[in-house]
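Hello,

Here is the structure we talked about handing over. My notes on its pockets, strands and cores follow below it.

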Amino acid sequence: MEKSTICGLAHIGIMTADIQKSIDFYVKHLNFELFNRQILGTTELAFLRVGDCVLELIAPADKAALGGLKPGQVDHVALKVSDLDAEVVRLERAGISFFAPAKQIDLFAGGSRCIFFAGPSGERIELFQIL
């Protein structure tokens, strides 16, 4: 069996109905710090951190893009990897299919790469590599 490059939890993505209200809640009541906020396509994202826990708040402009999820539900769990390409090859060899090809995104200063697939119960899992 090939060795995995998964090295931890990158973040947990949560759908939100009101991103500012959610940011205020996590900062005021749960000691999170907002460290990144941006628009990606038509979706607003906010990343908050407390200790080694990172939340990604997701607010699509088109609420139909929630894909059946309700605000407050977990959209995905992102696992940090050191080599996204190696993980894709390893998992494809194990019979796992991905939703789309890996994409490069400018979420952080050096950029990042990610890809999504489904777990055995349909849960969305993201592999996330910071470049």
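The lining of the second largest pocket divides into eight nonpolar, one polar and three charged residues. Here Ala, Val, Leu, Ile, Met, Phe, Trp, Tyr, Cys and Pro count as nonpolar, Asp, Glu, Lys and Arg as charged, and the others, Gly among them, as polar. A pocket is an open set of points on a 1 Å grid over the protein atoms alone, where a 1.4 Å probe fits and protein lies on both sides within 12 Å along at least five of seven lines; lining residues have an atom within 4 Å of a point.

This is a predicted model, in which local features need pLDDT of at least 70 and side-chain atom pairs count only at pLDDT 80 or more, while totals for chains, interfaces and linings use all residues. Residues are numbered from 1 along each chain as its sequence is written, and side-chain values use heavy atoms, with hydrogens and water left out.

The second largest pocket holds about 170 Å³ of space (the space filled by probe spheres set on the points, which are joined across faces, edges and corners). Among its lining residues are H11, F47, K80 and F128. Strand β1 (6-15) supplies the largest share of that lining, three residues. Strands are DSSP E runs of at least two residues, numbered from the N terminus.

The largest pocket has about 340 Å³. Of its 17 lining residues, L40, T43, L45, I58 and K103 lie nearest the centre. Strand β4 gives the most to this lining, with three residues. By class, the lining has 10 nonpolar, two polar and five charged residues.

Strand β8 (residues 124-130) has five of its seven residues buried, meaning under 20% relative accessible area with a 1.4 Å probe, protein chains only. β8 pairs with β5 (residues 74-81) in the parallel sense over four bridges, and with β7 (residues 112-118) in the antiparallel sense over seven bridges; pairing requires at least two DSSP bridges between the strands. In β8, I125 is the bridge partner of V77, and L127 that of I115.

The largest nonpolar core has 13 residues, and L45, F47, L107, F108, C114 and F128 have the most contacts inside it. Such a core is a set of buried Ala, Val, Leu, Ile, Met, Phe, Trp, Tyr and Cys residues joined through side-chain atoms within 4.5 Å. Apart from it lies another core of 10 residues, including I14, I23, F32 and L48.

Regards

Conventions
Buried < 20%, exposed > 50% of the residue type's maximum accessible area, 1.4 Å probe, protein only.
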